[in-house]
Amino acid sequence: MTAETAIRVRGLRKAYGDVHVLRGVDLDVPRGSVFALLGSNGAGKTTAVRILSTLLTADTGTATVHGFDVAAQAAEVREVISLTGQFAAVDEILSGRENLVLVARLRHLKNAGRIADELLARFALADAGRRRASTYSGGMRRRLDVAMSLIGNPPVVFLDEPTTGLDPEGRMEVWRTVKDLARGGATVLLTTQYLEEAEHLADRIAILHEGRIIANGTLAELKQLMPAATVEYVEKQPGLEEIFLAIIGTAGGGREAARDGAAASDWKERR
Amino acid sequence: MTIRALGDTAVLTGRSLRHIVRSPDTIITTAVMPIAFLLLFVYVFGGAIDTGSGSYVNYLLPGILLITVASGIAYTAYRLFLDLKGGIVDRFQSMPIARSSVLWAHVLTSLVANAVSLIVVVGVALLMGFRTGAGVSSWLAVTGILTAFTLALTWIAVVAGLSAKSVDGASAFSYPLIFLPFISSAFVPTETMPGPVRWFAENQPVTSIVNTIRGLFAQQPVGDDIWAAVGWCVGILVVAYGCSAVIYRRRVG
């Protein structure tokens, strides 16, 4: 266990009856990095995140978060993590602000009200703060969900498919948040089934396939697994996403993300 | 640690009480069916039921109060099921809070919600002519027994909410509980029932609880019934609590 490793996983296995979801997973996530666990549906991503966030126990293998064993020192692990699950886990009957105050109180923080107001402003929810969360759009709900996860500034953040089911704008908002988190020094482990998302956000990417990590490295390292690039000229047409965003004239940050997205697709087309 | 558990439970109880304040229909629907039974049995069937001396509404009310609780606890299972399904329990469990606080918050909320429903039903019964000369100590005893009964049934509701696969399943368990008072001394004296039914009626929990509350309201000695009533409540409570704890641990780790 080095001081630079935030999450360390060795030989993790989990089976439900005859279904072997994880078949020996090894991972090291450096502190302060964004790590993407990429895989299709059923690859075991959620199971891995649930084990790391102390919601599930592995059959065999070990996992530590900030040096604490997720099975033996679950309480300590919970002090340093936050989890945003696959479906926005907000209380629909409470208002956005009440949801945030609730989590702040459960994290035993003083000034729960002030923390809630700051987060509402940061996530562009100030106007909707007093409305019930059931009236929120999918993107707003996800933003509230992520905001709830950031209360108390946990140093390790798990995001399980944070952009699944979001429209392009909502997805870019989440992407911006992840980048903010990384800038703030947090370690982010996110799962995704979108290659583009992993490419766009992650410092390191691991591909989880049928319960095993079949590739793990930086984007540059993963690229080297491919045959050498050939140069060819391809006419660059705007993608539907860029057209969509240009027409609806989204805010500045969105454009920036759109440009990044375009750059990412450039790479794909060059390849 | 204990202080933290109390604090976490208080915060989460505040949350679910807010759910009730924002959907007061749950209190009203809980009280509607028992009140309908009260009206039906007092004004339609009551005239044909011979319960000896005294007014039938006085005879009937204790059983109606138990039906109120049995229908009220279904909401606890329902709310717990939705919390589990919506992922908010996962959120709570991944946070540094006392593990038991999630369940206790629902249980305490059930006590408050059922108390309000019971007060509504007793109010209607008073309008219908229910009278008691019970003193403070008898009222305290009635409150204590109803609280124990609500606690016991609420933990059954927790088991149902934890193990249900659908919203319907989460509340369907309460139907037999609502029905149980009909095969007891709640509506008619057990002496009128045929052998096996009578045996069942006299040895199931509702009869001893109903007889105890009836005796306390009528300022008559409650005899052994009160110990049977307390025994049933505590027994059900312990078993249901134990089952909940095991299922909860298995389900959320």
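Which strands of chain A does helix α1 (residues 45-52) of chain A lie across? Helix α1(A) lies across β1, β2 and β4 of chain A, and it runs at about 120° to β1(A), where axes are lines fitted to C-alpha atoms, for helices over the stretch in contact, and angles run from 0 to 180 degrees between N-to-C directions. Helices (H or I, at least four residues) and strands (E, at least two) are DSSP runs, numbered from the N terminus, and contact means heavy atoms within 4.5 Å.

Before going on, please keep in mind that this is a predicted model, in which local features need pLDDT of at least 70 and side-chain atom pairs count only at pLDDT 80 or more, while totals for chains, interfaces and linings use all residues. Residues are numbered from 1 along each chain as its sequence is written, chains are lettered from A and ligands numbered from 1 in the order in which they are written, and side-chain values use heavy atoms, with hydrogens and water left out.

Now to the sheet of chain A, an open one of four strands in the order β2-β1-β4-β5, with antiparallel pairing; two strands pair if DSSP finds at least two bridges between them. Because β2 (19-30) and β5 (68-69) of chain A stand at the edges with a single partner strand each, one side of each is left without a neighbour in the sheet. Strand β1(A) pairs with β2(A) over nine bridges, and here A15(A) stands opposite H20(A). The hairpin of these strands has two residues between them, and G17(A) takes a positive phi near 65° in it. Strand β1 (residues 5-16) is also joined to β4 (residues 60-65) of chain A, by five bridges, with V9(A) opposite A63(A).

Turning to the partner chain, the contact takes 28 residues from chain A and 22 residues from chain B. Together the two chains bury about 2300 Å², 56% of it on carbon and sulfur atoms, buried area being the accessible area (1.4 Å probe) that two parts lose on being put together, summed over both. There are six salt bridges between the chains, each a side-chain nitrogen of Lys or Arg within 4 Å of a carboxyl oxygen of Asp or Glu, and E98(A) with R18(B) forms one such bridge, at 2.9 Å from N to O. On the side of chain B that touches chain A, α1 (2-22) and α5 (88-93) of chain B each supply at least two residues, and α1(B) gives the most, with eight residues.
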